[in-house]
Amino acid sequence: AARPVGPTSSAPARSKSGSPSPRGNLPSSIPRRTTTRNGKLRIGTIPQNVTAPVMNPPPPDPRHPQADTPQGRLLGLEGAGSAAYFGVFDKLLTGDWQFERRARRPPTDPINALLSYAYTLLMHQAMAAVSLVSLDPYVGFLHSSQYGKPALALDLMEEFRPVIADSVVLTLVNNDMVKPSDFVEELGAFRLTDAARRVFLT
């Protein structure tokens with residue numbers, strides 16, 4: 001039977017300092033020297049470890065084809081920031097106004113109706129601005145996955161939402177320029193009356 005040369009313990013070899021010796025962690029494919037009873041030298045190798053087959057990544061979800069892309073992760077960050085922002089938006093309101101969460105389609109309360117109306121006007125202004133400089137408002141980056149949407153206009157209006165649209169909404173409601181009675185509810189969706197819409201535009 002072969003007799004291994006060197007330490008027979010399975011524990012890793014240690015240096016004089018007490019730390020594990022680098023030779024104690026050799027890969028399993030490194031040759032090891034052994035001797036037989038008659039003193040002849042024999043060189044053998046320890047079989048390599050069996051590795052699991054490499055699994056191909058799952059195909060992308062056709063409903064969310066950009067979920068695991070830089071653009072998809074950026075949209076995820078945008079969504080998280082929006083949720084945090086609108087989670088405390090009601091702290092900016094005075095009076096009897098109620099706001100729980102951002103609801104777009106349809107707006108389920110007067111504040112959401114005002115925000116949706118303000119964002120729609122802002123989007124049209126952004127579309128007009130990019131068209132004036134001969135850019136295509138439908139060729140953007142962040143919102144390009146939304147078919148039929150003016151992606152470039154939606155990209156450019158993001159930084160103007162709080163300073164233009166949101167500030168106008170807060171000014172109207174906190175100064176009683178628009179009241180809860182200025183809204184009409186139809187099938188759970190709220191919209192401004194014609195008189196309140198004129199106040200908003202002026």
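Visitor: Which residue forms a salt bridge with Glu186, and how far apart are the closest N and O atoms?
Guide: Glu186 pairs with Arg191 in a salt bridge, and the closest N and O atoms are 3.2 Å apart; the term stands for a side-chain nitrogen of Lys or Arg within 4 Å of a carboxyl oxygen of Asp or Glu. This is a predicted model, in which local features need pLDDT of at least 70 and side-chain atom pairs count only at pLDDT 80 or more, while totals for chains, interfaces and linings use all residues. Residues are numbered from 1 along each chain as its sequence is written, and side-chain values use heavy atoms, with hydrogens and water left out.

Visitor: Is Glu186 buried, exposed or partly exposed?
Guide: Glu186 is partly exposed at 44% relative accessibility, and Arg191 is partly exposed too, at 35%, where buried means under 20% relative accessible area, exposed over 50%, and partly exposed in between, with a 1.4 Å probe and protein chains only.

Visitor: How many salt bridges does the count come to?
Guide: The count comes to 3 salt bridges, including one between Arg161 and Glu158, with the closest N and O atoms 3.3 Å apart, and one between Arg197 and Asp194, where that distance is 2.8 Å.

Visitor: How are Arg197 and Asp194 placed in helix α5?
Guide: They lie 3 residues apart in α5 (residues 194-201), so about one helical turn separates Arg197 from Asp194; helices here are DSSP runs of H or I with at least four residues, numbered from the N terminus.

Visitor: New topic: what follows α2?
Guide: Ser134 follows α2, and the phi of Ser134 is positive, near 65°.

Note on methods
Helices (H or I, at least four residues) and strands (E, at least two) are DSSP runs, numbered from the N terminus.
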